[in-house]
Amino acid sequence: MTLKHLFAATLLLTPALAFAHPGHGDNGLLAGISHPIGGLDHLLAMLAVGLWAAQQQGAARWALPCTFVATMLIGGMLGFEGLNLPALESGIAASVLALGLAVALAVRPPLSLAIAATALFALFHGVAHGLELPDMSSPWTYAIGFVAATAVLHAAGYAVVRVLPQAAAPLVRVAGAASAATGVWLLAG
């Protein structure tokens, strides 16, 4: 590879540098990725879904994260249209509490109940994501960002449970309890 090729590749990997003022043409992807990661409430809920899914058996292992992502996307589209849910922030905080408790107690409810609860929580998170669409951003690239970040957080939570030795299961439950305690704190605030 010549110096000319290396320079060209560098420019291709950093397209914002080509603008006189970085930020033009913002498509929302980075904002979408950063939203679930940057908010403690979203981060804890997303990780908890993955942790909880890994504690399940059978179809629940994939159904819970898939349900969350799909319903969150629907909620995001509703948020893009300006729909706001009553007690939105309380619903998100309650999801952190409930999902944390589910992990702490390693609850295995019937699949239909687990999916319904997961979908309800995801709806709150999705609407919040949609309402926070940055100005001048593409809703679709923003949605791709928050969906991708959510899926990665679910996978990270899932991987923690599946990769750690069985002896580490109490640590996962402690993490769930810490998440639940954070949910209580968020509800009180």
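The legends below accompany several close-up views of one predicted protein model.

**View 1**
Buried residues account for 40% of the 189 residues in the protein. When contacts between residues at least 6 apart in sequence are considered, 87% of them join residues at least 24 apart. The protein exposes about 10,100 Å², and 74% of that area is supplied by carbon and sulfur atoms.

**View 2. Thr 71, a buried residue of helix 4.**
Thr 71 belongs to helix 4, which covers residues 60-80. Its relative accessible area is 16%, and because buried means under 20%, Thr 71 counts as buried. The side chain of Thr 71 reaches the backbone oxygen of Thr 67 at a distance of 2.9 Å. Once neighbours within four places in sequence are left aside, the residues in contact with Thr 71 are Ala 119, Ala 122 and Leu 123.

**View 3. The largest pocket and its lining.**
The largest pocket has a volume of about 290 Å³. It is lined by 15 residues, and those closest to the centre of the pocket are Ala 54, Gln 55, Val 161, Gln 166 and Ala 169. Which elements give two or more residues to the lining of the largest pocket? They are helix 3 (40-55), helix 7 (139-163) and helix 8 (169-188). By residue class, the lining of the largest pocket divides into nine nonpolar, two polar and four charged residues.

**View 4. Arg 61, a partly exposed residue with partners elsewhere in the sequence.**
Arg 61 is found in helix 4, and with a relative accessible area of 26% the residue is partly exposed. Not counting residues up to four places away in sequence, Arg 61 touches Ala 53, Ala 54, Gln 56, Tyr 158 and Arg 162.

**View 5. Ala 106 and Met 136, two loop residues with positive phi.**
Ala 106 has its place in the loop between helix 5 (88-104) and helix 6 (111-131), and its phi is near 50°, a positive value in a residue other than glycine. With a relative accessible area of 21%, Ala 106 is partly exposed. Met 136 is found in the loop between helix 6 and helix 7, where its phi is near 65°, again a positive value in a residue other than glycine. Is Met 136 buried or exposed? Its relative accessible area is 78%, and because exposed means over 50%, Met 136 counts as exposed.

**View 6. Val 184 of helix 8, shown with Ala 98.**
Val 184 lies in helix 8, one of the elements that give two or more residues to the lining of the largest pocket. The relative accessible area of Val 184 is 46%, and the residue is therefore described as partly exposed. Val 184 and Ala 98 are separated by 86 residues in sequence, while their C-alpha atoms are 9.6 Å apart in space.

Methods
Residues are numbered from 1 along each chain as its sequence is written. This is a predicted model: local features need pLDDT of at least 70, side-chain atom pairs count only at pLDDT 80 or more; totals for chains, interfaces and linings use all residues. Side-chain values use heavy atoms; hydrogens and water are left out. Buried means under 20% relative accessible area, exposed over 50%, partly exposed in between (1.4 Å probe, protein chains only). Contact means heavy atoms within 4.5 Å. Accessible areas come from the Shrake-Rupley method with a 1.4 Å probe; for residues, only the protein chains shown count as cover. Helices (H or I, at least four residues) and strands (E, at least two) are DSSP runs, numbered from the N terminus. A polar contact is a pair of N or O atoms within 3.5 Å; within protein, one must be able to donate a hydrogen and the other to accept it, and residues adjacent in sequence count only if both atoms are side-chain atoms. On a 1 Å grid over the protein atoms alone, a cavity is a set of points where a 1.4 Å probe fits but cannot get out, and a pocket is an open set with protein on both sides within 12 Å along at least five of seven lines; lining residues have an atom within 4 Å of a point. Grid points are joined across faces, edges and corners, and a volume is the space filled by probe spheres set on the points. Ala, Val, Leu, Ile, Met, Phe, Trp, Tyr, Cys and Pro count as nonpolar, Asp, Glu, Lys and Arg as charged, and the others, Gly among them, as polar.
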